[in-house]
Amino acid sequence: MDKLEIIGGPTLSGQVRISGAKNAALPILMSSLLADGPVILENIPHLNDITTTVKLLRWIGAEITFHDGVQLEVDPSGISRFEAPYDLMKTMRASVLVLGPLLSRYGRADVSLPGGCAIGARPVNIHVAGLRSMGARVDIDNGYIRARAEKLHGARLILDTVTVTGTENLMMAAVLAKGESIIENAAREPEIEDLSEVLCKMGAVIEGAGTEKIRIQGVESLQGANHFVLPDRIESGTYLVAGAITGGRVRINQTRPEHLKVVLRKLCQAGAHIESGNNWVELDMRGQRPQAVDVITAPYPDFPTDMQAQFCALNSIACGKAKITEKIFENRFQHVPELQRLGADISIEGNTAVSCGADKLTGATVMATDLRASASLVLAGLAAEGTTIVDRIYHVDRGYECIEEKLAQLGAEIRRLSV
Ligand code: EPU
């Protein structure tokens with residue numbers, strides 16, 4: 001299992017290019033199952049979760065071709081299986097995004113229940129309830145969601161909780177349903193808008209994606225399309241925190257500053273000087289120790305749960321006390337005991353992590369438990385004195401493209417140890 005070795009201390013400085021967004025690429029890849037012709041995608045990041053999705057699509061019968069390492073083409077014409085097996089689901093919960101497209105396009109889908117997850121229970125009851133309201137028969141049987149429908153019909157779906165993949169699954173089901181569907185209390189993440197953009201290029205009729213009410217008129221069929229996936233706002237935020245935690249100056253390119261508003265506001269509160277343009281952001285924290293900042297996670301456009309762990313790392317060496325409250329997932333503080341191993345003074349009270357910034361962190365061996373937790377350990381390692389080894393970095397590889405190359409480009413002393 002690979003590890004990352006980080007020798008903390010260097011102040012990061014320079015520029016880094018942000019990759020395509022994992023959480024947009026995953027539903028968009030699944031949406032290609034809805035089309036009658038090839039879907040050509042650019043800016044798909046090289047990540048383990050993408051490899052898993054490609055494996056799943058191929059297993060179902062789609063033909064996937066890579067053109068010059070730049071474009072990925074999905075030809076869905078040979079689909080012959082309608083199942084997402086447990087082996088693929090257990091490594092990536094987002095495989096559940098195959099449910100809506102398979103059901104609405106082919107009338108059937110057998111998708112393994114994803115099971116427990118390190119960050120929380122993460123049920124899929126809202127996905128299932130929405131499909132049932134659209135006329136699907138859905139049984140949970142032998143660990144599988146088994147959904148059938150000759151033809152889904154439009155429905156008014158009021159989601160009990162704001163759910164990102166739930167909204168995406170129901171959108172993908174509704175685009176080929178008969179009649180109009182309205183999704184209320186929909187998630188408003190930029191990734192939902194990106195998915196809607198691709199679906200509309202295929203011929204879907206969708207209004208309101210990015211707001212809490214999405215209106216979809218079902219169409220008979222969808223055609224192939226071309227799309228450039230939007231930049232990853234969580235990767236963007238992570239590199240900005242890397243600049244802040246090391247007292248450096250970091251510019252991120254090919255990003256979308258408008259998707260980072262709350263994160264940038266928090267970094268400013270932490271003392272960073274931020275400038276931004278159309279597709280770049282520069283953070284300058286030179287000569288300063290960050291101020292600790294309070295954070296409460298909530299669905300977009302509020303502070304993202306996927307940036308919570310990185311801010312825990314920042315607060316652990318910042319000046320003063322701060323509270324980070326996690327409101328989306330019930331078990332998303334597994335990085336805290338690992339940060340404590342590096343010398344962080346953090347205690348957990350219910351769903352809040354209370355930190356008192358330490359003057360310094362010191363290197364140690366720590367264990368990654370999930371994707372964003374591992375990013376926080378890498379960040380803390382950059383600021384810690386001495387050597388930090390981050391074990392189980394397959395979690396990092398699920399969501400950060402070439403993390404060690406990108407950080408090294410900014411001046412970090414980091415290398416991958418392949419064991
Ligand atoms: N929920 C339910 N029932 C459902 C669905 C969700 O109760 O049927 C609850 C969840 O348990 C959670 C809340 O709703 O408490 C929100 O979960 P959501 O469904 O929005 O999460 P998700 O769609 O499974 C996506 C991202 C996550 C990100 C969350 C929240 C993808 C592929 N994953 O997950 O990304 O943390 O939204 O923003 O888009 C990551 O990239 O590290 C990651 C975990």
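This is a predicted model: local features need pLDDT of at least 70, side-chain atom pairs count only at pLDDT 80 or more; totals for chains, interfaces and linings use all residues.
Let me begin with the overall fold, where the chain has 14 helices and 24 strands. The radius of gyration is 21 Å, close to the 22 Å that the globule rule gives for 419 residues, so the chain is as compact as a globular protein of that length. If you take the principal axes, the C-alpha atoms fill a box of roughly 65 × 45 × 40 Å.

As for the surface, the accessible area comes to about 16,100 Å², and carbon and sulfur atoms account for 46% of that. For those of you who think about charge, there are 43 positive and 50 negative side chains in the chain, with the centres of the two sets lying 3 Å apart.

Is S374 buried or exposed? Its relative accessibility is 0%, and because buried means under 20%, S374 counts as buried.

What does the side chain of S374 reach? It reaches the backbone oxygen of D370, at 2.8 Å. Once we leave aside the neighbours within four places in sequence, S374 is in contact with A368, H395 and V396.

How values were computed:
Residues are numbered from 1 along each chain as its sequence is written. Side-chain values use heavy atoms; hydrogens and water are left out. Buried means under 20% relative accessible area, exposed over 50%, partly exposed in between (1.4 Å probe, protein chains only). A polar contact is a pair of N or O atoms within 3.5 Å; within protein, one must be able to donate a hydrogen and the other to accept it, and residues adjacent in sequence count only if both atoms are side-chain atoms. Contact means heavy atoms within 4.5 Å. Helices (H or I, at least four residues) and strands (E, at least two) are DSSP runs, numbered from the N terminus. The radius of gyration is taken over C-alpha atoms; the globule rule is 2.2 Å times the number of residues to the power 0.38. Accessible areas come from the Shrake-Rupley method with a 1.4 Å probe; for residues, only the protein chains shown count as cover. Lys and Arg count as positive and Asp and Glu as negative; His and the chain ends are not counted. The place of a charge is taken as NZ of Lys, CZ of Arg, CG of Asp or CD of Glu.
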